[in-house]
Amino acid sequence: MTPDDRELLEEERDHLLSSLEDLENEFSVGDMDEQDYLTLKEEYTLRAAQVLRDLNSQTAGSVGTARSVGTARTARSTQTAGNLGKSDALRPQQRLSTSPKWRTAAVVVGVLGFAALAGVLVARGSGQRGDNAITGSTGTFREKLVTCQTTSFQKPAAGIECYDKILSSAPENLEALTYQGWAYVRLEQPKKGTENFNKVVALDPSYPDVRVFRASVAAAAQEYQTAADELELFYASSPSPAAVQVLQSQGLERKIFFGLLDPQTRGCWQQAAQSQTEGEQFNQKFLDTLGACLGTTLGSNPQNLDALVSLALSKVGPELADLGAATELLNTALLIDPAFADAILLRASLAAADSRFADAQAGLSTLQGLPRPKISFLIGDPKTLADSITEAQRSAATDAPDSPAAPPDTAGELGTTTLPTVDSRIPNPGGG
């Protein structure tokens with residue numbers, strides 16, 4: 001973690017803790033109803049806890065899981081399978097082992113709430129961008145933006161007025177325009193919100209936050225490819241680690257992934273979710289149900305790319321796994337479309353799980369120049385996988401004995417070298 005990244009986290013920590021105190025005060029004097037209070041408190045508390053964990057882990061010298069973009073989601077993935085059939089999106093449950101390999105992502109359903117994005121995604125350094133030399137010190141200006149952010153999160157209409165005061169002196173301030181636009185969207189005025197977002201893009205196409213909100217609006221309108229294009233631009237704009245972490249914790253990528261699936265494949269995911277009973281925790285049954293449905297789908301359309309990749313994923317479960325069968329399905333998908341990014345990334349992940357790091361790295365090289373794989377939210381993105389491979393190789397080199405390795409066992413049938421036991425788990429440090 002760089003000093004700048006740590007400073008951003010410390011600033012976010014202070015803001016979140018202060019916001020929690022403000023929430024308590026407003027609720028105690030009757031200025032907020034109980035439902036809004038509980039919703040906001042949960043979001044602030046979860047995010048604050050994650051920031052504190054990140055800071056504490058870095059202070060203690062921890063390098064691995066504290067930096068994983070998926071960590072923020074772990075605490076929110078313990079819901080029972082009884083809720084699975086009630087949502088249109090899925091959330092993976094991350095489980096990390098202490099070995100050089102990682103457990104399979106277990107998939108559970110989550111609910112995407114666009115309103116939860118408001119006020120917490122903001123990149124703290126953006127206050128100095130396009131501020132039109134507003135009067136007062138930078139600190140004072142930042143305080144004004146933070147005040148509007150908190151106000152807008154709780155009361156969008158009041159937030160719009162708050163941002164109006166800033167924009168009267170700094171009409172091109174990117175943060176004020178963006179978050180006022182989101183307040184308009186929350187008040188069911190997407191046209192006005194979109195006008196603000198368009199102004200921001202015209203002023204600075206590389207401003208990350210606006211891309212997330214434009215993606216949210218597009219996804220809400222079921223324009224999933226447009227939403228995916230916006231998130232592609234978000235990741236290409238070098239967003240802060242905090243912004244990425246919050247985005248991924250909200251489930252927008254999950255919403256887009258399932259929105260872009262062909263209807264038959266999406267129906268299989270929903271069927272698998274609905275197969276779980278009330279109070280039942282997620283287990284292998286989910287993937288078994290998913291796989292059975294997808295098998296039927298491929299029987300009628302063997303070139304269904306989405307079904308091939310989803311079926312491959314169902315073959316790598318927390319209890320039963322067949323890496324060979326999963327890889328063959330992905331090979332079939334890539335014969336149909338060699339540039340299908342989801343299949344490339346999943347195949348690279350399986351290769352890494354099998355300690356075939358050269359194959360995994362070759363797959364990652366293929367992804368260069370292709371759109372970001374939509375399945376990244378589930379199994380980790382290419383960079384996370386690359387970092388995981390590097391760490392696994394470093395650990396293997398460190399753990400290697402000083403004495404020469406024993407010769408391979410070639411006494412097996414056909415004189416072949418005995419293969420090492422395959423760990424049937426895909427690396428998922430950045431999924432979940």
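This is a predicted model: local features need pLDDT of at least 70, side-chain atom pairs count only at pLDDT 80 or more; totals for chains, interfaces and linings use all residues.

User: Is Q222 buried or exposed?
Analyst: The cut-off for exposed is over 50% relative accessible area. Q222 has 61%, so the residue is exposed.

User: What is phi of E188 near?
Analyst: Most residues other than glycine have a negative phi. E188, in the loop between α6 (174–186) and α7 (190–203), isn't glycine, yet its phi is positive, near 60°.

User: Which residue does a disulfide join to C148?
Analyst: A disulfide is a covalent bond between the sulfur atoms of two cysteines, so the partner has to be a cysteine. Here the S to S distance is 2.0 Å, and the partner is C162.

User: How many residues apart in sequence are the parts that C148 and C162 tie together?
Analyst: C148 lies in helix α4 (residues 138–154), while C162 lies in helix α5 (residues 156–169). The pair therefore ties together parts whose separation in sequence is 14 residues.

User: Is C162 buried or exposed?
Analyst: Buried means under 20% relative accessible area. C162 comes in at 18%, so C162 counts as buried.

User: Is the link of C268 and C293 left-handed or right-handed?
Analyst: These two cysteines are joined by a disulfide, with S to S 2.1 Å. The torsion about the S-S bond is -75°, and the link is left-handed.

Note on methods
Residues are numbered from 1 along each chain as its sequence is written. Side-chain values use heavy atoms; hydrogens and water are left out. Helices (H or I, at least four residues) and strands (E, at least two) are DSSP runs, numbered from the N terminus. Buried means under 20% relative accessible area, exposed over 50%, partly exposed in between (1.4 Å probe, protein chains only). A disulfide is a pair of cysteine sulfur atoms within 2.5 Å.
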